[in-house]
Amino acid sequence: MEKLIIVILIIFIIILLSRIRIVISKEENQKINTTLYIFPKLGIKINVDKFFKKYNTILSKNILKDLQLILNIKQVIFDFIKILKIRKINIEISYNYLSFPNIYIYFILWNTLSITKYYLDNNVRCVGEENYIVNISNNKNNVQVYIDIIFPLIYLIFVLIKNINVIMKGIIKYGSSN
């Protein structure tokens, strides 16, 4: 019995101290790369894109049903966003002025970045270093994104426990629509 209590205590301490880190990056002429670090200090990571390519049977073929599930559990997603800590965010948009010479596009791009910054400032727990850039260039239109997100695992568990009824209702609705 004492060994069981010690094991449970060790697992609880590991969960309490562990953090999950998500890095989303997109360089020029590349696809979006998402990496999930389960224990960042130990360097344990999962490349999410490669994982879903390898196990593509996990992905659903019906996009509308997936969107319905997301809409059913949107409160869980909003609560999850509130616990996030963004360590670093870089968004750089390059706009080829020669392909479509309209100055209003430039203002639209800046407004898009402004709305993104406003949303993050009001809905995310903490935003660290942030860089938002709009370039007018003679090159191709391009978007470069780098987001480094970190959150304690215990907060995720609290969000899941808080919203267990919403999750169960969403899963039941999703399952009954099959």
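A contact is a pair of heavy atoms within 4.5 Å. In this predicted model, local features need pLDDT of at least 70 and side-chain atom pairs count only at pLDDT 80 or more, while totals for chains, interfaces and linings use all residues. Residues are numbered from 1 along each chain as its sequence is written, and side-chain values use heavy atoms, with hydrogens and water left out.

**View 1. The chain and its contacts.** The chain has seven helices and six strands, taken as DSSP runs numbered from the N terminus (helices H or I, at least four residues; strands E, at least two). Of the contacts with a separation of 6 or more, 70% join residues 24 or more positions apart.

**View 2. The buried side of helix 5.** In helix 5, Leu109, Leu113 and Leu120 are buried (buried: under 20% relative accessible area; exposed: over 50%; partly exposed: in between; 1.4 Å probe, protein chains only).

**View 3. The opposite face of helix 5.** The face turned away from the buried side carries the exposed residues Tyr104, Ile115 and Tyr118.

**View 4. Ile136 in strand 5.** Ile136 lies in strand 5 (residues 126-137), and at 42% relative accessibility Ile136 counts as partly exposed.
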